[in-house]
Amino acid sequence: KVLATALASGDISAAVDSLRPTHADYHKLEQARQNLTTLLGQPWLPVATGPAIRPGDRDDRLIEIRRRLTALGDLSEPEGATTTDPSLYGGPLEAALPAFQARHGLEPDGIIGRGTLAAINMLPIERVRQIDATLERWRWLPETLGERFVLVNIAGYELKLIDKGTELLRQRVIVGQPFRQTPVFSDRIRYLVVNPTWTVPRRLMIEDQLPQIIRNPDYLKRLNMQVFRGWGADRQRIDPATVDWTALSKDNFPYQLVQDPGPQNALGQIKFMFPNQYDVYLHDTPSQGLFGRVDRSFSSGCIRVEQPFVLAEKLLSGDPKWNRDRIRALVDSAEPKTITLPAPVPVYLQYWTAWVDDKDQLQFRNDIYNRDSRLLARLRETPSGNTQRLTPVSVSHQTTGGQ
């Protein structure tokens with residue numbers, strides 16, 4: 001239909017442009033890409049590795065670091081000011097460096113160490129390609145995300161709740177480890193479970209739990225885990241002391257481990273369900289200390305939410321039967337309880353290593369799963385003279401589910 005209209009009007013260019021995403025964030029990132037291309041002709045000599053540079057230090061590498069941050073827009077000297085000693089770490093550079101670190105997902109400690117030097121040494125063309133990978137992923141999304149939706153940026157370790165274009169909530173999240181990656185896909189959150197049990201996925205039982213049980217006979221009791229033989233309605237609860245755990249293996253494991261509700265439950269006290277083929281969902285966690293880390297890829301594929309009950313309140317705000325006190329009363333009961341949302345809420349699990357934030361700052365994050373390079377390689381493939389376009393399923397990685 002689009003092509004027929006384009007041929008009839010004689011304006012094919014406008015027709016092609018009409019197919020691009022209309023999201024404001026997509027166009028902001030396009031503009032940031034255009035700005036970055038102005039640096040492609042500039043010299044970008046690598047800054048040498050060496051000892052970390054701290055405020056007050058003198059180091060000849062600071063001369064090139066100043067030039068680099070100025071070109072990137074992170075450092076601006078006051079008009080008419082001159083730096084008496086460009087090899088001295090102080091002045092405006094001392095304020096600019098933490099901001100540069102923060103927008104690259106680094107600890108904003110102001111220390112120019114290995115990670116900060118790596119970010120400074122990234123070539124502009126490498127950053128342009130990083131943006132290209134994110135722009136491509138934007139094209140996989142529907143034309144509209146809906147009036148109310150949850151967006152998780154896996155690479156950015158962040159969750160947002162958007163309602164009619166307004167950001168109602170932003171929280172830190174923990175995502176899958178590189179060898180148990182959180183997949184990219186979209187679905188709808190349909191219900192919540194307060195005081196959930198955790199049925200340990202088979203792979204985790206064998207790879208994670210079995211070695212722990214063998215080393216520590218009290219492991220199952222300490223974590224309030226029950227052992228069942230078989231599955232479904234016919235499964236039977238058994239005494240773990242009667243099991244020869246050392247004789248079990250991936251080819252011989254007829255048991256199921258189920259963790260009871262409670263403060264030690266791996267899913268915490270609430271989970272957000274959108275049934276999917278990956279067995280991935282959002283949930284609470286007892287390991288709150290991990291949210292203070294810069295790198296938050298610690299889970300087995302699911303997304304751990306920093307303040308899940310705040311998210312639950314927001315999602316249930318359209319139902320007068322639910323409020324903070326009633327949700328808390330359910331938690332205190334220690335009994336599992338399912339709460340159906342007034343209407344399903346779309347959830348998008350995305351993988352963006354570049355974006356423009358609400359303060360118009362261009363943000364970059366590490367490609368923790370090495371997906372950008374694979375995506376860009378596929379986009380450059382031309383087996384029949386045409387660039388290939390990936391579909392979202394090409395980067396959806398099977399996960400074990402669980403925590």
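Student: Hi! Which backbone oxygen does the side chain of asparagine 265 reach at 3.3 Å?
Tutor: That is the backbone oxygen of glutamine 259. Keep in mind that this is a predicted model.

Student: Okay, and what does the side chain of asparagine 265 reach at 3.0 Å?
Tutor: At that distance the side chain of asparagine 265 reaches the backbone oxygen of aspartate 260.

Student: Where does asparagine 265 lie, by the way?
Tutor: Look at the loop between strand E8, residues 255-259, and strand E9, residues 270-273. Asparagine 265 lies in that loop.

Student: Is asparagine 265 buried or exposed?
Tutor: Asparagine 265 counts as buried, because its relative accessibility is 1% and buried means under 20%.

Student: Which residues is it in contact with, leaving aside neighbours within four places in sequence?
Tutor: Asparagine 265 is then in contact with Pro196, Thr197 and Trp198, with Gln259 and Asp260, and with Pro286.

Student: Let's switch to helices. How do the axes of H5 and H6 cross?
Tutor: Helix H5 covers residues 92-102 and helix H6 covers residues 114-121. Their axes come within 11 Å and cross at roughly 80°. That angle makes H5 roughly perpendicular to H6.

Student: Which residues meet there?
Tutor: From H5 there are Leu97, Phe100 and Gln101, and they meet Thr116, Ala119 and Ile120 in H6. Sorted by class, this contact of H5 with H6 has 4 nonpolar residues, 2 polar ones and no charged ones.

Student: And which residues in H6 are buried?
Tutor: Thr116, Leu117, Ala119 and Ile120 are buried in H6. Seen down the axis of H6, its buried residues fall within an arc of 160°, so they line one face of the helix.

Student: What covers the buried residues of H6?
Tutor: The cover includes H5, along with helix H4 (61-72) and helix H7 (124-138).

Student: New topic: where does arginine 371 lie?
Tutor: You'll find arginine 371 in helix H12, which covers residues 371-380.

Student: Buried or exposed, that arginine 371?
Tutor: Arginine 371 is buried, because its relative accessible area is 1%.

Student: Which backbone oxygen lies 2.9 Å from a polar atom of its side chain?
Tutor: For arginine 371, that is the backbone oxygen of threonine 182.

Student: Last one: how many residues apart in sequence are arginine 371 and proline 124?
Tutor: They are 247 residues apart in sequence. In space, arginine 371 and proline 124 are 19 Å apart, going from C-alpha to C-alpha.

How values were computed
Residues numbered from 1 in each chain as written. Predicted model: local features only at pLDDT ≥ 70, side-chain atom pairs only at ≥ 80, totals over all residues. Heavy atoms only, no water. Helix = DSSP H or I, 4+ residues; strand = E, 2+ residues; numbered from the N terminus. Buried < 20%, exposed > 50% of the residue type's maximum accessible area, 1.4 Å probe, protein only. Polar contact = N/O pair within 3.5 Å; in protein donor to acceptor, adjacent residues only side chain to side chain. Contact = heavy atoms within 4.5 Å. Axes fitted to C-alpha atoms, helices over the stretch in contact; angles between N-to-C directions. Parallel < 35°, antiparallel > 145°, perpendicular 65-115°, else oblique. Nonpolar A, V, L, I, M, F, W, Y, C, P; charged D, E, K, R; others polar. Arc of directions from axis to C-beta.
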